[in-house]
Amino acid sequence: MTFQQPWQLRARFARRLSTMYGEEVPAYTTLVDVSAAVNEDHLARRGADAERLGSIDRVTAERHGAIRVGSPQEMAQVARVFAAFGMHPVGFYDLRDASASSVPVVSTAFRPVDAEELARNPFRVFTSMLAADDPRFFDRELRQQLADVMGRRTLFPAELLVLADRTAEDGGLEEPEAERLLDLATSAFELSDEPVDHAWYRKLEAVSAVAADIGGVSTTHINHLTPRVLDIDDLYARMEALGITMIDEIQGPPRWDGPDVLLRQTSFRALAEERVFRFEDGTVGPGELRVRFGEVEQRGIALTPAGRDLYDRMVAKTDRRLAAGEGNGVRVDVARTVWEEHLPRTEKELAAQGLAYFTYTFDRDALARAGGSVTEPDASLGDLIEAGIAVPEPIVYEDFLPRSAAGIFRSNLTDEGFRDDAQRGTDYDLTVMSEIVGRPVADPHDLYRRQQDASVARLREQLAVVAR
């Protein structure tokens with residue numbers, strides 16, 4: 001028998017979900033094919049520079065999934081499932097206030113946290129939980145009805161949870177139990193053919209299409225499975241040329257001449273999918289839902305807290321200029337101008353100003369050319385970067401942006417839904433999410449900082465050796 005480590009199980013799990021989702025949403029297969037072609041062409045044009053933020057093999061194989069659950073109990077259970085695949089909760093995202101539309105969910109992402117594990121297989125799943133106790137969206141009666149519905153359904157069978165717990169505890173699983181784990185985990189995210197209660201679904205949909213997709217059905221499912229591309233603008237144009245309707249714009253930072261930072265995302269619009277409904281008169285018949293869409297992403301460099309503060313200020317300035325009528329109402333054009341005014345144009349400047357995370361390699365030739373205090377082991381990192389002794393290598397942003405996620409959700413909704421802002425929203429944060437999932441939710445900055453600090457420590461050790 002073969003012992004399967006979590007990263008091997010994770011790779012197999014990602015492939016299975018990709019195959020399943022391609023069968024459920026054929027346009028996803030088109031998206032994957034176009035993404036691969038875009039990456040190949042970008043590599044041909046840019047050469048080794050194209051792999052600055054990840055090898056072409058990793059980028060082409062990379063996926064992030066998205067699922068939605070309805071209660072803290074379901075969120076805790078899905079955390080146990082993902083733990084079997086070496087995927088840990090990272091980051092807290094509150095989408096309730098990230099959009100004017102009704103998106104009553106709070107989220108975290110389950111992913112590998114170690115750089116080596118990410119390199120082996122970076123599969124991640126953005127997981128949203130319905131904030132069913134938030135009175136801005138749900139009145140008392142609806143909150144009770146949701147609690148009753150969530151309490152009656154079972155998303156993850158007991159056998160799956162037991163196998164997942166054992167896998168996480170033992171650091172893997174022998175075949176054929178590994179195969180059984182994969183079968184159960186994959187089927188847990190398969191689109192159900194069970195009839196949807198039409199009246200209940202529409203009642204929730206009046207509040208939020210997202211709420212209906214979570215609480216209006218008996219199971220969870222993959223909402224999107226996102227490939228990664230090296231040129232998202234090229235991807236967008238190619239998909240439209242194939243006659244596939246994309247959302248109005250690419251979410252996140254604009255395309256510009258400087259370094260790519262954080263995350264850019266777009267998607268094709270949610271497609272009509274045939275579903276079976278149970279109507280008020282007891283009859284069962286066909287209908288359709290538009291809730292699942294095809295998302296794609298282009299990842300950039302992770303920003304430090306100072307960099308994120310600058311990013312937030314640039315986004316706010318873009319919003320103000322748009323409101324004032326600049327750029328003929330084209331967000332990306334206004335944003336590009338703001339980026340050019342405020343963001344450094346090189347990775348070296350980003351590193352020297354402490355705006356982004358990097359690992360550092362030691363350039364002995366640069367050290368030999370340098371003189372004075374720069375050669376000392378306690379020289380500032382900024383001085384070492386400026387002298388070329390510390391050579392920055394970007395750390396890829398592995399996480400998400402609430403505004404961008406909410407923007408894609410909003411772009412795929414048929415209407416704005418309902419929210420009563422006279423009510424006080426329920427408090428959620430990273431600490432509360434940690435309590436819900438039953439394990440600490442990591443702060444992404446801590447993970448990036450740890451990776452950078454370890455690199456700087458190695459660099460200092462090398463400098464100390466030279467100084468002796």
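**Close-up views of a predicted model**

**View 1. Arg331 lies in helix H13, which covers residues 331–342.** Helices (H or I, at least four residues) and strands (E, at least two) are DSSP runs, numbered from the N terminus. This is a predicted model, in which local features need pLDDT of at least 70, side-chain atom pairs count only at pLDDT 80 or more, and totals for chains, interfaces and linings use all residues. Residues are numbered from 1 along each chain as its sequence is written, and side-chain values use heavy atoms, with hydrogens and water left out. Arg331 counts as buried because its relative accessibility is 17% (buried means under 20% relative accessible area, exposed over 50%, partly exposed in between; 1.4 Å probe, protein chains only). Neighbours within four places in sequence aside, Arg331 is in contact (heavy atoms within 4.5 Å) with Glu249, Ile250, Gln251, Gly252, Thr318 and Leu322.

**View 2. Asp383 sits in helix H16, residues 381–386.** With a relative accessible area of 38%, Asp383 is partly exposed. Its C-alpha atom is separated by 8.0 Å from that of Ala352, 31 residues apart along the chain.

**View 3. The largest pocket has a volume of about 570 Å³.** A pocket is an open set of points on a 1 Å grid over the protein atoms alone, where a 1.4 Å probe fits, with protein on both sides within 12 Å along at least five of seven lines; lining residues have an atom within 4 Å of a point. Grid points are joined across faces, edges and corners, and the volume is the space filled by probe spheres set on the points. The lining has 23 residues, with His42, Arg46, Asp49, Gly258 and Asp260 nearest the centre of the pocket. Helix H2 (26–46) and strand S12 (294–299) are the elements that give two or more residues to this lining.
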